[in-house]
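This report goes through selected features of the model shown below. Please keep the sequence and the structure at hand while reading.

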There are 2 protein chains.
Amino acid sequence: MILETAARLFRDKGYSATSMRDLAQAVNLKASSLYNHINGKEDILREICFNNARRFREGLQEIEKNDLRPEDKVRALIRLHIRVATEDITSITAFNDEWRHLTEPYLSEFIDLRRDYEARIRAIIKSGIQEGSFKVYHSHIALYTIISAIRWVYDWYQAGKSISVRQLEDEVAGLLLTGLNVPVNTQIG
Amino acid sequence: MILETAARLFRDKGYSATSMRDLAQAVNLKASSLYNHINGKEDILREICFNNARRFREGLQEIEKNDLRPEDKVRALIRLHIRVATEDITSITAFNDEWRHLTEPYLSEFIDLRRDYEARIRAIIKSGIQEGSFKVYHSHIALYTIISAIRWVYDWYQAGKSISVRQLEDEVAGLLLTGLNVPVNTQIG
DNA sequence: CCTACCGATCGGTAGG
DNA sequence: CCTACCGATCGGTAGG
């Protein structure tokens, strides 16, 4: 309860601008009583950040285990990000925006986790380039363009609106894998 | 000088976690002396946010003025975001991450500007879909996938590294317009 | 541009 | 779980 409420406040006001008194009031406690449940403010942030990092890491591990073509791994990765984001949209926002308020040694640990995650995605992209199924780009550019595109889904996708999660997955994957443009030889105009 | 320094601090620590004393020290003043140059802390944030909003708005206006095919407008838009981000990478970070700390009525004004900006990009995408040069997606999905992909370039692009701005523009545009995948009929494997 | 200072609020603790 | 309270720090002002 405290964690979920904190995630919502962190999302709405940011970590630094959320006081322990804000959080206490939101869960109907006095500020001092919070310390029977947690050790300090940063504990909460730490939990949110590393919980979500684990969700992504486990999802990626699952993708790597299966023997898929690079294209299908990227597709699965897009699905993973959309699923994680839509399942717990509040805490994922805090995770994405507020991790930099972690202090050492947790900050470095978090950055290392992220670096490892990105390196593994880069390996997928590189293998696709090598076997000729992906176009030849700088893997750095392809990596971050794709990650950026899918990292912020929670920011604009309104669950329950006219677009289903399935449509969302298919269209984002379609756009990133085959592009916005209609190929010239099949074009109407 | 104050604005540039503040943008850097906001980027590194966040708006809320940056104190006027931090800023004063960074420009070799006492905190109270800052108020001879600015009216208050939020003044600085406001300036950063609306300055950058204007840069994007003017860039988009330029793109709209020229009679380009939708595909080339999207290409120009990608170039615009990359150019803006690489020209002033510090203040663009503060702009992207800290605008929500604006208070009313500026917060609403800022959100309205952004909404208008996005609506105009959506119009470009819709026109491309209508004339058959873009694949048929929900314009909502295409819009935000593309915007997300290009909004965070500053976050990962290291100027001066092995990749030039020109290569960056070409590859990001290539990826978003024609996709990561090699078309099946030209595939090697 | 500074010193001196304001009331408010911060994260957190003592003690019950 | 609470009341009471800590020292530190906040954005900002008065006055020169």
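## Charges over rings

In chain B, the charged end of B:R46 sits over the ring of B:Y106, 4.0 Å from the ring centre. The model is a predicted one. In chain A, A:R46 lies over the face of A:Y106, and the distance to the ring centre is 3.9 Å.

## Chain A in outline

Chain A has nine helices and zero strands. Read from the N terminus, its elements run α-α-α-α-α-α-α-α-α. The C-alpha trace of chain A spans about 65 × 40 × 25 Å along its principal axes. Of the 189 residues in chain A, 53% are buried. Contacts in chain A between residues at least 6 apart in sequence can be sorted by separation: 66% of them join residues at least 24 apart.

## Aromatic pairs

A pair of aromatic rings is described by the distance of the centres and the angle of the planes. Over all chains, a search of the whole structure finds 17 aromatic pairs. One of them is formed by A:F95 and A:F110, with 5.7 Å from centre to centre and 70° between the planes, an edge-to-face arrangement. This pair links distant parts of the chain: A:F95 belongs to helix α5 (residues 89-98) of chain A and A:F110 to helix α6 (residues 106-130) of chain A, and the two residues are 15 apart. Both A:F95 and A:F110 are buried.

How are the rings of A:W152 and B:W152 arranged? Their centres are 4.0 Å apart and their planes are at 10°; planes under 30 degrees apart count as stacked, so the pair of A:W152 and B:W152 is stacked. The pair crosses between chains, since A:W152 is in the loop between α7 (139-151) and α8 (153-156) of chain A, and B:W152 is in the loop between α7 (139-151) and α8 (153-156) of chain B. Buried means under 20% relative accessible area. A:W152 has 9% relative accessibility and therefore counts as buried. B:W152 has 8% relative accessibility, so B:W152 counts as buried too.

Within chain A, ring pairs also link a cluster made up of A:F50, A:F56, A:F95, A:W99, A:F110 and A:Y117. A:F95 and A:F110, the edge-to-face pair described above, are both members of this cluster.

## The surface near DNA strand D

Around DNA strand D there are 14 residues, and those that come nearest are A:S32, A:S33, A:N36, B:M20 and B:R21. By class, the surface near DNA strand D has three nonpolar, eight polar and three charged residues.

| Residue and its atom | Atom of DNA strand D | Distance |
|---|---|---|
| B:S19, polar side-chain atom | phosphate oxygen | 3.3 Å |
| B:R21, side-chain N or O atom | base nitrogen | 2.7 Å |
| B:K41, polar backbone atom | phosphate oxygen | 2.8 Å |

For B:K41, the contact with a phosphate oxygen is made by a polar backbone atom, whereas for B:S19 a side-chain atom lies 3.3 Å from a phosphate oxygen.

## Backbone features

A cis peptide bond joins A:E104 and A:P105, with omega at about 5°. A:P105 is located in the loop between α5 and α6 of chain A. In chain B, the peptide bond from B:E104 to B:P105 is cis, and omega is near 5°. B:P105 lies in the loop between α5 (89-98) and α6 (106-130) of chain B.

A:N28 is not a glycine, yet has a positive phi of about 60°. This residue, A:N28, lies in the loop between α2 (20-26) and α3 (41-65) of chain A. Is A:N28 buried or exposed? Exposed means over 50% relative accessible area; A:N28 has 71%, so A:N28 is exposed.

B:N28 likewise has a positive phi, near 60°, in a residue other than glycine. Its place is in the loop between α2 (20-26) and α3 (41-65) of chain B. With a relative accessible area of 72%, B:N28 is exposed.

Definitions and conventions
Residues are numbered from 1 along each chain as its sequence is written. Chains are lettered from A and ligands numbered from 1 in the order in which they are written. This is a predicted model: local features need pLDDT of at least 70, side-chain atom pairs count only at pLDDT 80 or more; totals for chains, interfaces and linings use all residues. Side-chain values use heavy atoms; hydrogens and water are left out. Rings of Phe, Tyr and Trp (its six-membered ring) pair if their centres lie within 6.5 Å; planes under 30 degrees apart count as stacked, over 60 as edge-to-face and the rest as tilted. Helices (H or I, at least four residues) and strands (E, at least two) are DSSP runs, numbered from the N terminus. Buried means under 20% relative accessible area, exposed over 50%, partly exposed in between (1.4 Å probe, protein chains only). A charge sits over a ring if NZ of Lys or CZ of Arg is within 6 Å of the ring centre and within 35 degrees of the ring normal. A residue is near a molecule or strand if one of its heavy atoms lies within 4 Å of it. A polar contact is a pair of N or O atoms within 3.5 Å; within protein, one must be able to donate a hydrogen and the other to accept it, and residues adjacent in sequence count only if both atoms are side-chain atoms. Ala, Val, Leu, Ile, Met, Phe, Trp, Tyr, Cys and Pro count as nonpolar, Asp, Glu, Lys and Arg as charged, and the others, Gly among them, as polar. Contact means heavy atoms within 4.5 Å.
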